[in-house]
Amino acid sequence: MRVSVDSSGNGRPERVGFFTDTSVCIGCKACEVACKEWNMVPEDGMDFTSMSFDNTGRLSADTWRHVAFVEQREPLGFQDPGVGRPGPVDLGMPAFELPGASTGAEERGDFRWLMSSDVCKHCTSAACLDVCPTGALFRTEFDTVVVQEDICNGCGYCVPACPYGVIDRREGDGRAWKCTLCYDRLGEGLEPACAKACPTESIQFGNLDELRERAEKRVEDLREAGVSSARLYGEDPANGVDGAGAFFLLLDEPEVYGLPPDPVVTTRDLPSMWRHAGVAAASLLVGAVAMFAGRR
């Protein structure tokens, strides 16, 4: 892990995060498995939802990485994973015909898979931090947000506070759990388990500023190749959470992937709410004093 120097001259780790390029995600779920194995996250039922090949459904206390499968009636060309990438490597495997290749084009329907590995966004302005009464949630030296399970009292205030619906309480446990961005691995100079396991480099880990530059270049390449739907989500430091530590390259609107289009830190209006409450309380007190004085 590289170290930069802050204004006081003290060395500190740079802010790190994730860039998830969904255009090259193959839905293998290696990230989900690696996350569970390294962090000893319990299995989450392995249920067949009958809605898609997605067996986990969403992020939860027992699913810190979630791979979404979205099937669309769109030509595959709009999601060509080979754009800007090296060609396939011949592994000497026997060749076979693609499903449906022998039928006429008029008999086949065009469709594509949108796959994306979702994770905690590690917001710059994290509402879960603001509402935690015990300090169980804290910001690390890497600018990530982590839950200390031995301090969490299970109050659940952080659950509705998260604008992304990421954090959750574990059934039978009651405490809140979520992605830690493998805090223990970062301390040893290692990349998070999910990024290490990703075979297509869909999940990229590193310095956040460098990842933003890389992501912008990737979007330019895709658009030049004709993938006009490519766009970034969560990378803007001026967005509703003042920038996310985990952002994405998407090939459709955020809602298609189950992401909120305009997330806003839910504690943004707390200062004004407290001011209004203070004014209301003061008005009630003045009224009560005036009434008491009038009676006397």
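## Basis of the model

The model is predicted, so local features require pLDDT of at least 70 and side-chain atom pairs count only at pLDDT 80 or more, whereas totals for chains, interfaces and linings use all residues. Residues are numbered from 1 along each chain as its sequence is written, and side-chain values use heavy atoms, with hydrogens and water left out.

## Overall architecture

The chain has seven helices and twelve strands. These elements are DSSP runs numbered from the N terminus: helices are H or I with at least four residues, and strands are E with at least two. Of the 296 residues in the chain, 42% are buried. Buried means under 20% relative accessible area, exposed means over 50%, and partly exposed lies in between (1.4 Å probe, protein chains only).

Among contacts (heavy atoms within 4.5 Å) with a separation of 6 or more, 67% are accounted for by residues 24 or more positions apart. The accessible surface of the chain comes to about 16,600 Å², and 56% of this surface belongs to carbon and sulfur atoms. Accessible areas come from the Shrake-Rupley method with a 1.4 Å probe; for residues, only the protein chains shown count as cover.

## Helix α1 and its cover

Helix α1 spans residues 30–39, and its buried residues are Cys31, Glu32, Ala34, Cys35, Lys36 and Asn39. An α-helix has 3.6 residues a turn, so residues three or four places apart point the same way. The cover over the buried residues of α1 includes the strands β4 (66–72), β5 (112–118) and β10 (203–207), together with helix α5 (193–197). Met40 follows α1 and has a positive phi, near 55°.

## Salt bridges

The structure holds 13 salt bridges, each defined as a side-chain nitrogen of Lys or Arg within 4 Å of a carboxyl oxygen of Asp or Glu. One of them joins Asp62 to Arg170, with the closest N and O atoms 2.7 Å apart. This pair links distant parts of the chain, since Asp62 lies in the loop between α1 and β4 and Arg170 in the loop between β8 (168–169) and β9 (176–177), 108 residues apart. Asp62 is buried at 17% relative accessibility, and Arg170 is buried at 13%. A separate network of salt bridges with shared partners joins Arg15, Arg139 and Asp143.

Asp54 pairs with Lys29, the closest N and O atoms being 4.0 Å apart. Asp54 lies in the loop between α1 and β4 and Lys29 in the loop between β3 and α1, so this bridge ties together parts that are 25 residues apart in sequence. Both Asp54 and Lys29 are buried.

Asp143 forms a salt bridge with Arg15, with 3.9 Å between the closest N and O atoms. Arg15 is buried, with a relative accessible area of 18%, whereas Asp143 is partly exposed at 28%. Asp143 is located in the loop between β6 (137–139) and β7 (145–147), and its phi is positive, near 70°, although the residue is not a glycine.

Asp242 is another residue other than glycine with a positive phi, here about 60°. Asp242 belongs to the loop between β11 (231–233) and β12 (246–250) and is partly exposed at 37% relative accessibility.
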